[in-house]
Amino acid sequence: MHVAPTVERALALAARERLDLVISDLGLPDGNGRDLMAQLSERYRLRGIAMTGLGPRSEAESLRGGGFVEALIKPVDFGELLAAVHGVAAGGCEP
C-alpha cells in the first residue's frame, strides 16, 4: 500500500511503482481526483474507487468513468469499501 496526498505525488508514485488499484478522494490540495484518475487510467490503465462527500448516490454514480469504476459516499463504511475493493480486484465494475 502506498499513500500520496496530492496529485503531483500520486503521479510520481504511479510512474515508479506498479499499482493495482487507486482509491482517491475528489478534493486534493493541488487538483482533483477526477483529473488524477483520468491521467492514471490513460497512462497506466489503472482503475479506481472514488470517495466523495457530494451526497446522493445518484451523484456518486456519475463519477464512474475516466478510470473510476466505483464511487463511495463519505463517511465510508469499512465493509462497503472492502466490498468495493474486492469487486474491482475480481474484475467487476467495468471502467
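**Labels and their cut-offs**

Reply: From the N terminus on, the elements of the protein run α-β-β-β-α-β-α-β-α. This is a predicted model: local features need pLDDT of at least 70, side-chain atom pairs count only at pLDDT 80 or more, and totals for chains, interfaces and linings use all residues. Residues are numbered from 1 along each chain as its sequence is written, and side-chain values use heavy atoms, with hydrogens and water left out.

Me: How many helices and strands are there, and what makes a run count as one?

Reply: There are four helices and five strands. A helix is a DSSP run of H or I with at least four residues; a strand is a run of E with at least two; both are numbered from the N terminus.

Me: Why is serine 41 called partly exposed?

Reply: Its relative accessibility is 22%. Buried means under 20%, exposed over 50%, and partly exposed in between (1.4 Å probe, protein chains only). So serine 41 counts as partly exposed. Serine 41 lies in helix 2 (residues 33-44).

Me: What does serine 41 touch beyond four places in sequence?

Reply: Leu46, Gly66 and Gly67. Contact means heavy atoms within 4.5 Å. The C-alpha atoms of serine 41 and phenylalanine 68 are separated by 8.4 Å, and the two residues are 27 apart along the chain.

Me: How many of the protein's residues count as buried?

Reply: Of the 95 residues, 35% do.

Me: What makes a set of residues a nonpolar core?

Reply: Its members are buried Ala, Val, Leu, Ile, Met, Phe, Trp, Tyr and Cys residues, joined through side-chain atoms within 4.5 Å. The largest such core has 14 residues, and Leu36, Met37 and Leu40 touch the most other members. Helix 1, helix 2 and strand 5 (68-73) each give two or more residues to this core. Helix 1 supplies the largest share, four residues. A second, separate core has seven residues, including Ile49, Val69, Leu81 and Val88. In soluble globular proteins, nonpolar side chains tend to be buried together.

Me: Which residues are in contact with leucine 36, leaving aside neighbours within four places?

Reply: Val7, Ala10, Leu11, Ser24 and Leu28.

Me: Where is confidence highest, and where is it lowest?

Reply: The score is pLDDT, the predictor's confidence in each residue, from 0 to 100. Helix 1 (residues 7-16) is highest, at a mean of 97, and helix 3 (residues 57-61) is lowest, at 56. The protein averages 86, and 83% of the residues score at least 70.
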